Amino acid sequence: MTTTAVVNPFETSTNTAVSNTTQSVESSRAIAEVQAALAIARMNPRDQQRSMDRILNACCRPSLAESAIYAYARGGSSISGPSIRLAEAIAQQWGNMQFGIRELSNRGGKSEVQAFAWDVETNTRREVTFSVPHVRYTRKGTYKLEDPRDIYELVANQGARRLRACILAVVPGDVVEAAVAQCQITLQANSDVTPEGIKKLVETFAQFGVSQAQIEKFCQCRAEAIKPAQVVRLRSIYTSLRDGMSSAADWFEPDETQATAAIEAKSEPSLKDKIKARKAKAEAQPVKEVPAVEETKQEGKSGLFDGAPIPWDSVEPAQNV
């Protein structure tokens, strides 16, 4: 006797109804959040003068100014602009703005990410949806990322660049230009050109393989004579190197001393290698056999002259001293 399972005729429809209800609730909640944000922004409009004062005051902080400007090389020229840190500070002080990064999906070895910036008061929105493969590109080749932390850092790094572009597209351009100018003034006023400050600056670039000689060649002067304006430019280059926008080879010429030493190290063998080579050469050569010397001594002779008579006539008599 065979038994068959009884299927609930309402199971499929019930699950569908629950799913539709959940989607409807989420949609209603999202609409309510948007309406509430718009209503609050209209009830509390921004005072542009006060917002601008807050932005300029934030740019007077040396800690923000040091990381506010980035630079990278392209086509033989230097391109600089506001970094993501400055863009976030501008958006926070401008007011009535929402911005961020969302990971929409994570499957198939890549992440679908969305970066957005929304001026709630003017209802101006800019968003970018892009794909981030879980692959790290290096000079030695590419390799797939498996560690979740590495994937998160890669997505955050790629998302920060798009987020900066979204914020700068929403905020008025003259506001951004004024913030950048204030950051440059702050850097020049707080540039440490003392021997200790220059030493610290050189040590900071050393982690990217940049020597003091390369910095001096870039600035066209000795390290002790670096000016505040040059320190500002070096800090913007450091921000670009730290954020991965450029590499040290884009800014600094190779160090001739290091290059010469590397070439000599490759061309000239070391003392240990020379000793090994000579030893191997000596062992490889065949040993020549020396013929035995036959002694020709005659009986009653000393053998010093091979038995020949001594020419006494040629011997000079000894003189008395």
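Contact means heavy atoms within 4.5 Å. The model is predicted: local features need pLDDT of at least 70, side-chain atom pairs count only at pLDDT 80 or more, and totals for chains, interfaces and linings use all residues. Residues are numbered from 1 along each chain as its sequence is written, and side-chain values use heavy atoms, with hydrogens and water left out.

**View 1**
Serine 67 lies in the loop between helix H3 (62–66) and strand E1 (69–74). Helices (H or I, at least four residues) and strands (E, at least two) are DSSP runs, numbered from the N terminus. Serine 67 has 13% relative accessibility and counts as buried. Buried means under 20% relative accessible area, exposed over 50%, and partly exposed in between (1.4 Å probe, protein chains only). Setting aside neighbours within four places in sequence, serine 67 is in contact with Ser83, Arg85, Thr239 and Arg242.

**View 1. Serine 240 in helix H9.**
Serine 240 belongs to helix H9. Its relative accessibility is 0%, so serine 240 counts as buried. Not counting residues up to four places away in sequence, serine 240 touches Ala71, Tyr72, Met245 and Ser246.

**View 2. Aromatic rings around tyrosine 238.**
Rings of Phe, Tyr and Trp (its six-membered ring) pair if their centres lie within 6.5 Å; planes under 30 degrees apart count as stacked, over 60 as edge-to-face and the rest as tilted. The count by this rule is four aromatic pairs. In one of them, phenylalanine 205 and tyrosine 238 have ring centres 6.2 Å apart and planes at 70°, so the pair is edge-to-face. This pair links distant parts of the chain: phenylalanine 205 is in helix H7 (residues 195–206) and tyrosine 238 in helix H9 (residues 228–242), 33 residues apart. Phenylalanine 205 is buried, at 0% relative accessibility. Tyrosine 238 is partly exposed, at 21%. The rings of phenylalanine 208 and tyrosine 238 also form an edge-to-face pair, because their centres are 5.9 Å apart and their planes are at 70°. Here too distant parts of the chain are linked: phenylalanine 208 is in the loop between H7 and helix H8 (212–219), 30 residues from tyrosine 238 in H9. Phenylalanine 208 is partly exposed, with a relative accessible area of 28%. Ring pairs join Phe205, Phe208, Phe218, Tyr238 and Phe252 into a cluster.

**View 3. A charge over a ring.**
The charged end of arginine 162 sits over the ring of phenylalanine 130, 4.4 Å from its centre. The rule asks for NZ of Lys or CZ of Arg within 6 Å of the ring centre and within 35 degrees of the ring normal.

Helix H4 (residues 84–94) has Ile84, Leu86, Ala87, Ala89, Ile90, Ala91 and Trp94 buried. Glycine 95 follows H4, with a positive phi near 85°. A nonpolar core is a set of buried Ala, Val, Leu, Ile, Met, Phe, Trp, Tyr and Cys residues joined through side-chain atoms within 4.5 Å. The largest one has 35 residues, and Leu86 and Ile90 touch the most other members. H5 gives the largest share of this core, eight residues. Apart from this core lies another, of 19 residues, among them Ile198, Ile215, Leu234 and Trp251. Isoleucine 90 touches Ile55, Val171, Val175, Val176 and Ala179, not counting residues up to four places away in sequence.
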